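Please walk through this structure chain by chain, from overall make-up down to single residues.

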Amino acid sequence: MDKFQIQSMNLHYGKFHALKNINLNMQKNKITAFIGPSGCGKSTLLKSLNRMNDLVEGCKITGSLKLDGEDIYGNMDVNVLRKRVGMVFQKANPFPMSVYDNIAFGPRTHGVKNKKQLDEIVEQTLKDAAIWDELKDRLKKSALGLSGGQQQRLCIARALAVKPEVLLMDEATSALDPISTGKIEELCMKLKNEYTIIMVTHNMQQALRVSDYTAFFLLGEMIEYNDTDTIFSSPKEQKTEEYITGRFG
Amino acid sequence: MREYYDVELTKLNNELVEMGALIENAITHAVNALTQKDIEEANLVDKIEIQINQKEKDIEAFCLKLILHQQPVAKDLRLISSALKMITDMERIGDQSSDVAEICKIISKNSYVHNLKHITDMAEQMKQMVTQAVNAFVTKDVVLAMSVCKSDDIVDELFSKVQCDMIKLITEDSSKGAIALDLLMVAKYFERIGDHATNIAEWVIFSITGDHKLSGK
């Protein structure tokens, strides 16, 4: 079942044609990886999925992007969209407040005031993000004191706290050590039972290890999209072959 | 980009070509030992077999190093994984050539009491299969590799004819039972070498196309 359906999508930043005629359906409860050299448009497409490009001056999108069949650039409330489609960035960006308040921030914004209910959300979310055991005794401490890997997993937990349906990850492990990266990859594998995950990564091995489907982008075009095993064993397109084998890009 | 990696892959390719040449040599000398009753030819097979075994170990270690260092994907992964499979078949061809040579050492003292035509036809056919499988790898020729796979049926048919020859031989003269069994063993080794050549051709097809089904087997 498709979570996102993208048809004939074009995106311009002013005169620059950043995404060209993208047609792509992404399945529910699967991990889809976007790969491609820097500047190919993969992060731009990722950000379009929860309208993070709305505030970029000169950004113009045509075509159709649907979430569960509903046009996300139509009448959908952008706050509702971002509650349904959470995002984690390359650099961990915890709020300068306690671990607890970082997680509770989203639910509070969406109207949850009850202390007991918030406690439950914080505990369950940190457990879902596989970081409860590490942080349960530090809930009132500043999130800024955590390690980089812990901060990033806290950000994932924060995104999960508002019960999204989709998690967008923009190079979410590129600044982390292998242990922290491994923990987040394990987390993704666990989370995909309940969430749809779309990740941008420059790490080919990570795309191979974690994702079910991979889309390869080049100069604003989607060159190839297939199940990950096929892309990395027998890609159909020469450009994909050259990129993933490290012979250009 | 990745010039060092490409040099390493070329080296792997060359190593496989060298191993291919060794097995072709082993087969040629084994067939010569049979048809010419030449023990020296049989002894040569033993020497080549040692080289084949060493080559298999070297290529295997090299492939594992490439996997560890380069984390290959796509056609690189297919080449390296196919190489690992092909060298096993090549090594078995070396073993079976050596087995044929051992039998030849024993039976060379006897006069072959029957027409060897079907066995020598088998030898020619499977030799051609091995040569073509190696050539298909060198020239990346899928069509040639597919023709090798089809040729296996010819070797199998010839083996059936040799079986009939041997049954006839024993029926006509029961004292020829031992030589008939030895010759049947030789034919069986040739038939197995044909199977290994087919396997090699199938891996050549996979390494080029990523598809196992094209061999038609």
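How many helices and strands are there in chain A? Chain A has 10 helices and 10 strands. The model is a predicted one, and every value below is computed from it.

Begin with the overall form of chain A. Its C-alpha atoms fill a box of roughly 55 × 40 × 35 Å along the principal axes. A compact globule of 249 residues would have a radius of gyration near 18 Å, and the 18 Å of chain A agrees with that. Of those 249 residues, 42% count as buried. Taking contacts in chain A between residues at least 6 apart in sequence, 68% join residues at least 24 apart.

Within chain A, helix 3 (residues 99–109) can be followed in some detail. The axis of helix 3 of chain A comes within 7 Å of the axis of helix 6 (residues 148–160) of chain A, and the two cross at roughly 30°. Angles under 35 degrees count as roughly parallel, so helix 3 of chain A is roughly parallel to helix 6 of chain A. The crossing of helix 3 of chain A with helix 6 of chain A is right-handed. On the side of helix 3 of chain A, the contact is made by A:Val99, A:Asn102, A:Ile103, A:Phe105 and A:Gly106. Helix 6 of chain A contributes A:Leu154, A:Ala157 and A:Arg158. Sorted by class, this contact has five nonpolar, two polar and one charged residues.

Which residues of helix 3 of chain A are buried? They are A:Val99, A:Asn102, A:Ile103, A:Ala104 and A:Gly106. The cover over these buried residues includes helix 4 (115–128), helix 5 (132–135) and helix 6 of chain A. After helix 3 of chain A comes A:Gly111, which has a positive phi, near 100°.

Further along chain A, A:Glu242 lies in helix 10 (residues 238–244). Is A:Glu242 buried or partly exposed? A residue is buried if 20 or more other C-beta atoms lie within 10 Å of its own, and exposed if 12 or fewer do. A:Glu242 has 16 such atoms within 10 Å, so A:Glu242 is partly exposed. Leaving aside residues up to four places away in sequence, A:Glu242 touches A:Arg247 and A:Phe248.

Now turn to chain B. Its secondary structure consists of six helices and zero strands, and from the N terminus on the elements run α-α-α-α-α-α. The radius of gyration of chain B is 19 Å, close to the 17 Å that the globule rule gives for 217 residues, so chain B is as compact as a globular protein of that length. The C-alpha atoms of chain B fill a box of roughly 70 × 35 × 20 Å along the principal axes. Of the 217 residues of chain B, 41% count as buried. Among contacts in chain B with a separation of 6 or more, 79% are between residues 24 or more positions apart.

Helix 1 (residues 3–36) and helix 2 (residues 39–70) of chain B have axes that come within 9 Å and cross at roughly 160°. Angles over 145 degrees count as roughly antiparallel, so helix 1 of chain B is roughly antiparallel to helix 2 of chain B. The crossing of these two helices of chain B is left-handed. The residues of their contact divide into 18 nonpolar, six polar and seven charged.

Finally, consider where the two chains meet. Nine residues of chain B are in contact with 12 residues of chain A. On the side of chain B that touches chain A, four residues are nonpolar, two polar and three charged.

Notes:
Residues are numbered from 1 along each chain as its sequence is written. Chains are lettered from A and ligands numbered from 1 in the order in which they are written. This is a predicted model: local features need pLDDT of at least 70, side-chain atom pairs count only at pLDDT 80 or more; totals for chains, interfaces and linings use all residues. Two residues are in contact if their C-beta atoms, placed from the backbone, lie within 7 Å. Ala, Val, Leu, Ile, Met, Phe, Trp, Tyr, Cys and Pro count as nonpolar, Asp, Glu, Lys and Arg as charged, and the others, Gly among them, as polar. Axes are lines fitted to C-alpha atoms, for helices over the stretch in contact, and angles run from 0 to 180 degrees between N-to-C directions. Helices (H or I, at least four residues) and strands (E, at least two) are DSSP runs, numbered from the N terminus. Angles under 35 degrees count as roughly parallel, over 145 as roughly antiparallel, 65 to 115 as roughly perpendicular and the rest as oblique. A crossing is left-handed if the near helix is turned anticlockwise from the far one by less than a right angle, and right-handed if clockwise. The radius of gyration is taken over C-alpha atoms; the globule rule is 2.2 Å times the number of residues to the power 0.38.
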